[in-house]
Amino acid sequence: MSEPVTFRLLLTVLAAMLAIPAQAGPEEDREAFRAFFFKRFPDVPPDAYADGIYALDENARRQWEEIEEFPPYEFAVEQGEALFSQAFANGGRYADCFENDGIAVRQNYPRFDPQRGEVVTLELALNHCRTANGEEPYAYDSSELIALSAWMAWTSRGRKIAVSVPNDPRALAAYEEGKRFYYSKRGQLNFACSDCHVTSAGSWVRADHLSASLGHPTHFPVYRSKLGKMISLHSRIYGCIRDVRARPFPEQSVEYRNLEYFLTYMSNGLPANGPGARK
Amino acid sequence: MGIPYRLTSKHIAAGLALVLTTAAAGQAGADPASERRLESGKQLAMARDKGNCLACHAFDDGELPGNVGPPLMYMQQRFPDQAALYDQIWDATARNPDTMMPPFGKHGILTEEEIGLIVEYLHSL
């Protein structure tokens with residue numbers, strides 16, 4: 001190696017050592033998150049991650065495409081549209097509670113609500129809308145709430161997920177909480193979400209093929225053929241947490257809302273494609 | 001890291017070498033009591049509500065094994081000392097804090113006796 005090259009190398013190394021590391025924030029996290037999967041699965045086009053395990057499993061994908069020809073969530077979308085357009089007893093409407101009359105806004109949820117100082121998911125926003133109009137809130141596992149969410153997801157198909165962490169320390173704290181939850185080992189089996197959906201994405205756990213977390217929240221609610229019904233994202237997460245033999249939190253707990261905030265931010269830029277169909 | 005494990009020709013070559021060098025060594029005796037212990041070790045390793053080791057490891061004639069962890073074979077060569085094998089199952093996080101392998105003993109998933117039986121069984125593979 002010639003002298004000038006060695007010298008330049010030394011300078012570069014010195015410069016690198018002195019450089020102040022870039023402030024790691026949500027955007028840096030997201031880039032690293034995506035880059036991990038793009039490197040692991042170089043043949044999978046970025047947008048395909050919105051299809052969950054079907055991005056990684058050719059055989060399962062073909063079966064899924066057949067199911068999608070007669071979408072099992074269609075009924076929920078129709079029910080949701082009907083419910084959404086019904087006026088409340090006081091004459092108010094769901095449309096009044098959302099930007100753009102609630103059409104094509106799903107991709108912006110969950111969002112940090114500065115008034116409430118917390119993360120508001122779409123399901124929570126729907127219930128807030130009901131109580132503000134003098135109606136009882138729906139149970140989070142009720143078919144009505146899931147249908148409303150399915151309809152709103154449907155109107156957002158093809159929009160890019162666009163969750164923001166505004167410049168508010170409480171928003172960043174909520175994001176960081178969700179991130180910590182995601183990477184923490186829990187339960188008797190001692191698994192973190194990332195163990196299965198990052199480190200081991202693409203591997204098999206007995207007959208289960210593990211999907212990448214990138215794209216996880218793009219397509220909820222989901223019709224699960226195993227259960228024969230539609231379920232919410234939080235109910236899915238509840239299942240994974242129960243499976244690691246940890247104490248699950250209830251749907252819409254602050255823990256799951258913050259987790260959804262982090263998880264959805266990681267999927268920013270992917271197409272919203274809910275509702276979905278899964279095994 | 002999480003590169004999925006697959007049986008490769010390297011594993012098979014290693015296995016063959018082992019078989020050739022230890023062919024004469026002789027395996028666990030065929031007396032009924034120790035056969036029964038090996039059989040219960042196998043059951044414990046395979047049962048979903050016990051070790052469920054097949055979730056992550058291929059071994060023996062287990063069906064639909066996962067591939068999160070390496071295949072469990074040639075265990076005597078990998079773990080000449082049974083105590084080290086016991087420790088790996090008791091608490092894999094001691095060796096690798098980020099491991100995906102659950103700490104079976106430390107978290108009370110399996111009892112000492114159950115792990116002991118699994119160790120004996122694995123050593124026979």
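**Exercise 1.** Is D168(A) buried or exposed?

*Solution.* Start with the cut-offs: buried means under 20% relative accessible area, exposed over 50%, and partly exposed in between, with a 1.4 Å probe and protein chains only. D168(A) has 16% relative accessibility, so it counts as buried. Its salt-bridge partner is R170(A), at 2.9 Å from N to O. R170(A) comes out at 40%, so this residue is partly exposed.

A quick note before going on: this is a predicted model, where local features need pLDDT of at least 70, side-chain atom pairs count only at pLDDT 80 or more, and totals for chains, interfaces and linings use all residues. Residues are numbered from 1 along each chain as its sequence is written, chains are lettered from A in the order in which they are written, and side-chain values use heavy atoms, leaving out hydrogens and water.

**Exercise 2.** Work through the salt bridges.

*Solution.* First, the rule: a side-chain nitrogen of Lys or Arg has to lie within 4 Å of a carboxyl oxygen of Asp or Glu. Side chains of opposite charge can pair when their charged atoms come close. Over all chains, the count is 19 salt bridges.

Next, take D113(A) and R116(A), whose side chains meet at 3.7 Å, N to O. D113(A) is buried at 18%, while R116(A) is partly exposed at 46%.

Now hop to chain B, where K106(B) pairs with D91(B) and the closest N and O atoms are 3.8 Å apart. This pair links distant parts of the chain: both residues sit in the loop between α4 (82-90) and α5 (112-123) of chain B, 15 residues apart. D91(B) is buried, at 13% relative accessibility. Finally, salt bridges with shared partners tie D51(A), R61(A) and E65(A) into one network.

**Exercise 3.** How many residues of chain B are in contact with chain A?

*Solution.* Contact means heavy atoms within 4.5 Å. By that rule, 25 residues of chain B touch 18 residues of chain A. The two chains bury about 1700 Å² between them, which is the accessible area (1.4 Å probe) lost on being put together, summed over both. By class, chain B's side has 13 nonpolar, eight polar and four charged residues. There are zero salt bridges between the chains.

**Exercise 4.** What does T155(A) touch?

*Solution.* Leaving aside residues up to four places away in sequence, T155(A) touches G102(A), I103(A) and A104(A). Its side chain also reaches the backbone oxygen of M152(A) at 2.8 Å.

Technical notes: Ala, Val, Leu, Ile, Met, Phe, Trp, Tyr, Cys and Pro count as nonpolar, Asp, Glu, Lys and Arg as charged, and the others, Gly among them, as polar. A polar contact is a pair of N or O atoms within 3.5 Å; within protein, one must be able to donate a hydrogen and the other to accept it, and residues adjacent in sequence count only if both atoms are side-chain atoms. Helices (H or I, at least four residues) and strands (E, at least two) are DSSP runs, numbered from the N terminus.
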